[in-house]
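Hi,

Here is the structure I said I would pass along.

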Amino acid sequence: MRVVERGRGGAGKGSRRAAVGACGPPAAAPRPAAVRPPAPVRCLAVALVVVSLSLAGCAAATRPVDPPHPAATGSGPPAAISGIDLVFLNTMTAHQERTLAILRVAPERIRQPALRTLVAAVEVTEADEVARAREWIRAADPDAGHRHKHPGPTGVADPVARLRGTSGPGYDAALVAVLASQQRQAAELARAHLALAVSPVVRDLARRIDASRTAQLRLLAGLPVARPTP
């Protein structure tokens, strides 16, 4: 009887060892390859870093300007904005104004209701962000409107011209492609500024832009642009 018990015990141990071997830790999944951001985004991020270094030498001589009438609710201009935060605001608002121009080319040509709704929401969001950022810029730098000029990117096709020349069922697909590229660049630019921001309010704006544009990209990716509605 003891021999039988030892045999069973040995078999049990062998079974447990086999089970452990079969259920051991799975092989590590391969890490996804790193995706480089689009060239325009890398250029914008590099430009922010370069300008921040050039402004560092002038920081001691430049006093941040307090807004004349801060809002009691906390939604008005922040207490002080200068340096790299001003560069970011000017760069981002120029980018957003370009996005608004894209959205306003021919909204009546949009066929898919879901795309039409998304475009309307994006327009309201970005128009509000631009208005608020411009208010902050004017409070910190009254001459900003005369000095800061941000022309559109050179060496690339004009997305506004592309949309103006597109009609019919192809307009939805063209708009989704152009808007996705635009919002991806905005998200990358905002994300790059998070490590450079000085003003907590500007950092919060960059964080919200990153989150909202990333969410918009997911919605754009889910649209059935290959099946336009009649």
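What pLDDT does the protein chain average, and what share of the residues score at least 70? This is a predicted model, and the average for the protein chain is 73, with 58% of the residues at 70 or above. By element, helix 1 (residues 2-22) has the lowest mean pLDDT, at 42, while helix 8 has the highest, at 97. Two stretches deserve a caution. Residues 1-47 stay under 50 throughout, and the model has 13 contacts beyond four places in sequence for them. Residues 49-74 are also below 50, with 20 contacts in the model beyond near neighbours in sequence. Where pLDDT is low, the predicted coordinates should not be read in detail.

Now the overall picture. The protein chain has 8 helices and 0 strands, so if you read along the sequence you get α-α-α-α-α-α-α-α. Of its 230 residues, 32% are buried. Taking contacts with a separation of 6 or more, 79% are between residues 24 or more positions apart. The accessible surface comes to about 13,800 Å², and carbon and sulfur atoms account for 61% of that.

On to the cores. The largest nonpolar core has 22 residues, and the members touching the most others are Leu115, Leu163, Leu175 and Leu220. Helix 3 (83-103), helix 4 (113-140), helix 6 (159-164), helix 7 (170-193) and helix 8 (200-221) each give two or more residues to this core. Helix 7 gives the most, with 7 residues. As for Leu175, its contacts beyond four places in sequence are Ile102, Ile110, Leu115, Val119 and Leu163. There is also a second, separate core of 16 residues, with Ile137, Ala140, Leu189 and Leu205 among them.

Helix 3 is worth a look too. Of its 21 residues, 17 are buried, so this helix is largely enclosed by the rest of the structure. Its length checks out as well: at 1.5 Å a residue, helix 3 should span 30 Å, and its end C-alpha atoms are 31 Å apart, which agrees.

Leaving aside neighbours within four places in sequence, Gln216 is in contact with Val122 and Gln183.

Cheers

Definitions and conventions
Residues are numbered from 1 along each chain as its sequence is written. This is a predicted model: local features need pLDDT of at least 70, side-chain atom pairs count only at pLDDT 80 or more; totals for chains, interfaces and linings use all residues. Side-chain values use heavy atoms; hydrogens and water are left out. A nonpolar core is a set of buried Ala, Val, Leu, Ile, Met, Phe, Trp, Tyr and Cys residues joined through side-chain atoms within 4.5 Å. Buried means under 20% relative accessible area, exposed over 50%, partly exposed in between (1.4 Å probe, protein chains only). Helices (H or I, at least four residues) and strands (E, at least two) are DSSP runs, numbered from the N terminus. Contact means heavy atoms within 4.5 Å. Accessible areas come from the Shrake-Rupley method with a 1.4 Å probe; for residues, only the protein chains shown count as cover. The expected span of a helix is 1.5 Å times one less than its number of residues. pLDDT is the predictor's confidence in each residue, from 0 to 100.
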